[in-house]
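Dear colleague,

Please find below the structure that I am handing over to you. My findings are set out after it.

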Amino acid sequence: MAYDTAATGTFAGTGLATGRVDGRSGALVPEERGRFDGDGTVHGTCDVVGGPGTGEPAGLRSTGGLTHRHGEGRVPYTFAYEAGRA
């Protein structure tokens, strides 16, 4: 994480997403990049590229995004993906 001001900046890292994708249960590890605004809103993009993941989504390739507002308990992600196996 790097701050531009006391309340804004950019970040890069990884996350953990669990659930179901195209009927497949398991976990994915998205690589994330983004920025955060002075009001606490986070905007980011993410990629899951071949191989990472556990359970049935292993090998799934995807790109996506996220917006998280300060104080919300969950972070909704949106993904476009290819469900083929690696």
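The notes that follow go from the chain as a whole to its strands and then to one residue.

This is a predicted model, in which local features need pLDDT of at least 70 and side-chain atom pairs count only at pLDDT 80 or more, while totals for chains, interfaces and linings use all residues. Residues are numbered from 1 along each chain as its sequence is written, and side-chain values use heavy atoms, with hydrogens and water left out.

The chain as a whole

The chain contains 0 helices and 9 strands; both are DSSP runs numbered from the N terminus, helices being H or I with at least four residues and strands E with at least two. Among contacts (heavy atoms within 4.5 Å) with a separation of 6 or more, 39% are between residues 24 or more positions apart.

An open sheet is formed by 6 strands in the order 1-2-5-6-8-9, with antiparallel pairing; two strands pair if DSSP finds at least two bridges between them. Strand 1 (2-3) and strand 9 (77-82) each have a single partner strand, so one side of each is left without a neighbour in the sheet. Strand 1 is joined to strand 2 (residues 9-14) by 2 bridges, and Tyr3 stands opposite Gly9 in strand 2.

Strand 3 (residues 17-21) pairs with strand 4 (residues 24-28) over 5 bridges, also in the antiparallel sense. Val21 has Arg24 in strand 4 as its bridge partner. This hairpin has 2 residues between the strands, and Asp22 takes a positive phi near 55 degrees there.

Thr41

Thr41 is found in the loop between strand 5 (31-36) and strand 6 (42-48). Is this residue buried or exposed? Thr41 counts as buried because its relative accessibility is 7%. Its side chain makes a polar contact with the side chain of Asp39 at 2.9 Å. A polar contact is a pair of N or O atoms within 3.5 Å; within protein, one must be able to donate a hydrogen and the other to accept it, and residues adjacent in sequence count only if both atoms are side-chain atoms. Leaving aside neighbours within four places in sequence, Thr41 is in contact with Arg35, Phe36, Thr67, His68 and Arg69.

Yours sincerely

Notes:
Buried < 20%, exposed > 50% of the residue type's maximum accessible area, 1.4 Å probe, protein only.
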